[in-house]
Amino acid sequence: MKFLTRLTGAALALGSSLALADAAFLARPDVQRYIDEKVAGGQFNRPELEAVFANVETKPNILQILDRPSTSRPWYQFRPAFFNDRLIDGGAAFWKENADTLARAEATYGVAPEMIVAIIGIETGYGRNTGSFRVVDALSTIGFDYPRRAEYFRGELTEFLQLAKEEGKNPLLLKGSYAGAMGWPQFMPSSYRKWAVDFDGDGHRDIWGSVPDVIGSVAHYFQLHGWRHGDDVILPASLQPGVQVDQLVADKFNLHYTVGDLKKMGVQPDAPVGDQVPAVLVPLESSPGVTEYWLGLNNFYVITRYNKSTLYAKAAQEVAGAIRERYFAQQFVAQQPAATPPAP
C-alpha cells in the first residue's frame, strides 16, 4: 500500500496536464493486456500499475535513436574517446577517495580495483552522466512502440517495476539512459535485480546515490561472470601467412579455442601463456589499413559480458592499467618526505 500511496502522490505532483496528455497510453489495448497479465500473475495490483501508466510519457526521440544506422568505428577512432587524461585522472582521484571500499570489494569479490574504477568511469564518468530519461518512459516507449525489441524491453519494464517495489523507490522518479540503463554502472533492470548489492549495509541497493553499492555491484557482476583475480586480460599476438582470420573471429564473443588450438591454426602469442588457456583472436585496426592482433583471455570475455564489444573490452583493459599506474605514481609522490630547505 505504501508503494501505491507514493505513486498516487507523485502522479498528482506531476500535474493534471501530463496526466491528461498520457491518458491515451493507459487506455491502449496492448498496455491493458500487459496490466492484465501482470495482475493475473500476482506480481502487481491493478491500481498501482494504472498509477504508473497513467503518467508514462512516451519518447519518440528514443525510437529515432534506435533507428539510426549503426556504424562501427575502428579501434584508432574508438580508443581516444576513453583513453584520455580526464578519465584516467578522474579514476585515480576516485580510487583515492574510495580506497577502503575498493579494497573491501577486491577482498570480497576478487576483482581488481582498477577494473571496477575503469568501468564506472567509462559508463558514466564517475557518476557525472547517468542519463536524463525517466526509466519508465524509456522502457515503455521501446516495449510498446518498437516491435523489433518489444519483448525484451517489456521484460525489462517488468523487472524495473519489481525492483522499484523491492527497494521502496518511486518508479516515476528514477532516471537513466535512453535504453533504460540505470545508475553509475548503467545496469539494466534485470541486471540490477540479479547482481546489484547492498555494499554499504543500509538495507537498499542504491546504484544512483551510494558509491559503495556501485562499487560492490560492479565487482559482484564481474565475479559472477567468471572474473579471475590476477589473470591477464589480453595478450599481443602475430599471425603466420594464410591464417583464416574471418573464420576465427566469426564468433568473437565466445572462447571456442585454446591457445594451443590457435597456434595450430597459425596464431602465435607474443607473450608467455599456456597452451591450455582458452582464448579468442581479437583484430584491432590501430591505424588506417593497419591491423594488430591480440588474444583475448577469460577476463577479456568477462568484460564483454558487461558490454558486448571487443573495442569496449580493450578500452576497459587499457584504461584500468593507466588508472592503476597513475594512482600508484601519485601515492608514491605523496609518501615522499618534503625537501629540506637549503641552509641560509
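Predicted model: local features only at pLDDT ≥ 70, side-chain atom pairs only at ≥ 80, totals over all residues.
Visitor: How many aromatic pairs does the structure hold?
Guide: There are 22 aromatic pairs in the structure. One of them joins F187 and Y221, with 5.8 Å from centre to centre and 40 degrees between the planes, a tilted arrangement.

Visitor: Where in the chain do those two residues sit?
Guide: F187 belongs to the loop between β2 (175-176) and α13 (189-195), while Y221 is part of helix α14 (residues 211-224). The two are 34 residues apart, and their pair links distant parts of the chain.

Visitor: And Y221, buried or exposed?
Guide: Y221 counts as buried, because its relative accessibility is 7%.

Visitor: Why is the pair of W195 and Y221 edge-to-face?
Guide: Their planes stand at 70 degrees, with the ring centres 4.8 Å apart, so the pair is classed as edge-to-face; the cut-off for that class is over 60 degrees. W195 lies in helix α13 and Y221 in helix α14, so parts 26 residues apart in sequence are tied together. W195 is also buried, at 16% relative accessibility.

Visitor: Which residues form the aromatic cluster?
Guide: F187, W195, Y221, F222, W227 and Y306 form one cluster.

Visitor: Changing topic, which ring face does R104 lie over?
Guide: R104 lies over the face of F199, 3.8 Å from the ring centre. R79 lies over the face of F83, at 4.1 Å from the ring centre.

Visitor: What is the average pLDDT of the chain?
Guide: The average is 91, and 91% of the residues score at least 70. Over residues 8-21, however, pLDDT stays under 50.

Notes: Residues numbered from 1 in each chain as written. Heavy atoms only, no water. pLDDT = per-residue confidence, 0-100. Contact = heavy atoms within 4.5 Å. Phe/Tyr/Trp six-rings, centres within 6.5 Å; stacked < 30°, edge-to-face > 60°. Helix = DSSP H or I, 4+ residues; strand = E, 2+ residues; numbered from the N terminus. Buried < 20%, exposed > 50% of the residue type's maximum accessible area, 1.4 Å probe, protein only. Lys NZ or Arg CZ within 6 Å of the ring centre and 35° of its normal.
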